[in-house]
Amino acid sequence: MNQVGTQIQQLILGFSYLLSEVIITVGAILVLIMQLIVKEKGELFKRLFTIAVLAVAALSIGQQSIDGEFMIGLLWQSSLLRIIKALFIGIAIVVFVFPNEKKLYNQGEYYFLILMVLLGAMLVIQSANFLVFYIAVELVSISSYVLVVFSFRPKGYEAGLKYLLFGAMSSGIMLYGMSLIYGLTGSLNIPDFSIAIISQLSNSPWLVMAIVLFAIGLLFKLAMAPMHIWAPDAYEAGPTPVVGYISVLPKASVFIFAFALVMYTGIPSVSWGWNQGLSVVAITSMFIGNLAALRQTNLKRLMAYSSIAHSGFIIVGLIAGGDFGIQSLVFYLVIYALMNLGMFYFIAVLEQSGINQIEDLSGLGKKNIGFSILGLVILIALIGLPPTAGFTAKLLVFSALWESYTKNPEGYLMWLLGIGVLNSALSLFYYLKIPYQMIIKEGSKKRLSVSRTNVAVLTFFSILILIFFFKPDLLLNILNQTSFAF
Amino acid sequence: MIGDHLLTTLIFLPLLGALVMLFVPTDKTIIIRFVALGTMLLELLLTLLAVSSFDSSVIGYGSESLQLVEKMPWIDLSIGSFGSLLIQYFVAVDGLNITLVLLSGIILLIGVISSWNIQKQVKGYFILYMILSTSIMGCFLAIDMFLFFLFFEFMLLPMYFLIGIWGGKKRAYASIKFYIYTLVGSLLILIVMIGLSLSVVEVPGGNIHTFNIMKMMSPENYLSGSVLSLDYSGSFLGWDMRHLAFLLVFLGFAIKLPAVPVHTWLPDAHVEAPTPISVILAGVLLKIGGYGFYRIGYTIFPEAAQTMGWWIGLFGVIAIIYAAMIALAQSNLKRLIAYSSVSHMGFVMLGMASLTIEGNAGAILQLFSHGIISALLFILSGVLYDRTDNLRIADYSGLASKLPHFTVAMVIAFFAALGLPGFSGFIAEFLILAGAFDGAVHGSILDHFMPVLGLLGLVLGAAYFLWTLQKMFFGQYWVRDKQWKMSDLSVREYLMIVPLALMALLFGIFPGLILDLSNQTVIGFVEFVQQQGDVNLSILNK
């Protein structure tokens, strides 16, 4: 009885470290209540209220902090994770700046679901227990399934259903892997898992199987090959702000969790073929993403394949491991968020004028050259060319990989490096289609209306992308002062 | 003020020009043209200032012999237990790049004059042109590899648009082909740059990793056991890592040069590009490939000069002969000149591979001289293209009777290009072949057949140029379309052609003007590559 008492006390105490999460939850519930009262009106008020909630949540992050486990070992926190939480909130705020038809912003549920994805993502990175991770990641996924159909079009329902069915299956696989882990170690706490695998289970086939099954579930959340098939449909059919959001946040959170898991448990050293397997996943994701993108005509589908390829680059930081690995991975994620949100914002502006095919873009650059140049900056960053932070991100990730090769000279790492770097040339083909149509091709069929706000937001993204090239220290020195360890 | 920051001013002056243009209304094209002209005139004056303040008597090659140095930390990335990555803003000149900076100053000004009759989207054109100029200058002047790479890769984007928007009928194909080829080349260099920056430290034994090319020259600055250090024992695909890295760098710059068999983007780009862009492409951009061999390939991996010199020489000779033979079969004048460029760039590889002072002095001079002569050739083919929109050799005959001045200019250009004594090309190719013979007789790097075949390349060059001359300019006057207005050279065209032709002649009669600038550095460079190469090889072979 007494022990239960202390545990409850610990749980209650733990909420003080989750102040921002509590604020988000309360805010989300309030928006739902508001929806009951004002129905489909008060778009501006709902938007401002949600942004205010997010701002307060962001400010509350540093109030009570702990470095290590809390809530009876279910969650953990570190200075780096708090920074990432703040970044996540920032991403959620950006989503509400997106232009879209009133239909979306009038729905209170829309705000609720966006906040739920955020809440889930914040819990994913803090989870120190497989079950907590599962609940958090499903909170992200289930909210995303619903968000994808918020365009209320038949195509959206189809995509949402595909996403749901495929997601449910991969969750099942992941759960099965977790059950094996429980069977092998008798615990779902990640620290216990690390002790168990280090002490006795090294290279046991059961362990490898458990890890592989679990990893398959993760790959689905990351939209990486071979679990990427849902992404193009979902991206094409979903409302653009939602797609920008789910192309960044779930991915980033699962990457951070995976890195924590790998760092803390030392899986690469005990499970045969872990890094080799990840390298294969990275290379296939890059190739599938980049090759399939070559044939796309729809902008959002193109971006779906592009983010599959980018996942292939980001996971290189995970393969590299170590300080260099995590810093390059977080740096890449931040830049990836800027690039993807910027690009989806660009697409959202185009969609307002009814443009969603690449060929519709022809000759539009001449009508608004500033807008096209801002888009060009983001595309250059996506290709990974200087002078944009997209280049710095790739440079750092591959530097981390080379550094890990120095310590552990295995040939496949060099192949990964070579193939990865040369994949940028492949991606040039399809990213350049957009400026080719806008700037080089002549004769336009469509009209384009761009407001000052649109230009201002895109300028914000572009300038950040340029600044982080010329001064990456601004970001990296912050990361360097924090620690990832718990 | 400018005295201390001369090179920085050189790099960023065109960018300033572009900034000024941004504020000029789009329809005031004449102001934009004059801003461009003024900027490039000033740029040329500044390069002349740099040349005059360059002390060509400084001996040796390396960080001590750099002049007009500007160096300051730019990016300092600290990464946990790994240490930190230091990227510097580091620009300087020595005998390797001073001549190329001068060349860029000249050609970029000529390019503006040649762009005078661009009518389509003038503002965008000149802004891109200015950005291109900045990245060209930056590329030649950077001593930090990151900075070099930044300019090297950034130059592709304005080029892509300049060919893609203002080019000929197949411009979309040509521009993307250009972009992809050169991007692949620069990515190969990127791989090596990553490895080098992780292996080389600012102070021996420290953990401040650097991109400074000068630090990459000496083995003490390599971390012991790092992948590109001399004592690294691992290998990949049966190659030791340093040779593999050299191979990647070499391939990267060979695409830019371009060398056979990765030259196929060049004829397409040239044919589709507008005249001024062809001028810059042949006159300056290709030189960056040759310069990269020197500044990065040989400087950082001197041992490869000995172990792989034979192959470099061989590929040089293949380029000379093969491209010349392809040029013989061309029906388009611009394509012919493009292939002749590939052939002439083969000489640079041959001269460099010889590892003799004559050979390398000749190669540096060849970079300069070919810059002038090929610019002249493309300007002249542009003159014809402006009048007829057609460059098919077979569509013209007996132009001499109708266009006497143009014909004289063409004869001068062709003779300069085929290496007639008295023009700069002759001195350069003579020095290269002499160096190659010397290298074959006294050294062990080249074989005798290489300079012999190189000589044959000269004969082939004479053949295709004289043949073209005969077909297009002599005999009975005839053009395919009677509507073509065949008028002789205009004042603007004289303004470009006369200085270039005079320079080809001037540097042919007084090659010392260029050779003296680079001489001491070349001596130091050859000595460094030989000695350091021997040292490195002896450590590697242990």
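Biologist: Where does A:P226 lie in chain A?

Modeller: In this predicted model, A:P226 lies in the loop that separates helix 10 (205-222) from helix 11 (230-237) of chain A. The peptide bond that joins A:A225 to A:P226 is cis, with omega near 5°.

Biologist: Which other residue has its place in the loop between helix 10 and helix 11 of chain A?

Modeller: A:A223 is found in that loop. Its phi is near 55°, which is a positive value in a residue other than glycine.

Biologist: Why is A:A223 called buried?

Modeller: The relative accessible area of A:A223 is 2%. Buried means under 20%, and therefore A:A223, at 2%, is buried.

Biologist: What is the omega of the peptide bond from B:V260 to B:P261?

Modeller: Omega is near 10° there, and the bond from B:V260 to B:P261 is cis. B:P261 belongs to the loop between helix 8 (241-256) and helix 9 (265-272) of chain B.

Biologist: What is the phi of B:L68, and in which element does B:L68 lie?

Modeller: The phi of B:L68 is near 50°, a positive value in a residue other than glycine. B:L68 lies in strand 1 of chain B, which covers residues 67-79.

Biologist: Why does B:L68 count as partly exposed?

Modeller: B:L68 has a relative accessibility of 24%. Buried means under 20% and exposed means over 50%, with partly exposed in between. The value of 24% falls in that middle range, so B:L68 counts as partly exposed.

Definitions and conventions. Residues numbered from 1 in each chain as written. Chains lettered and ligands numbered in written order. Predicted model: local features only at pLDDT ≥ 70, side-chain atom pairs only at ≥ 80, totals over all residues. Heavy atoms only, no water. Helix = DSSP H or I, 4+ residues; strand = E, 2+ residues; numbered from the N terminus. Buried < 20%, exposed > 50% of the residue type's maximum accessible area, 1.4 Å probe, protein only.
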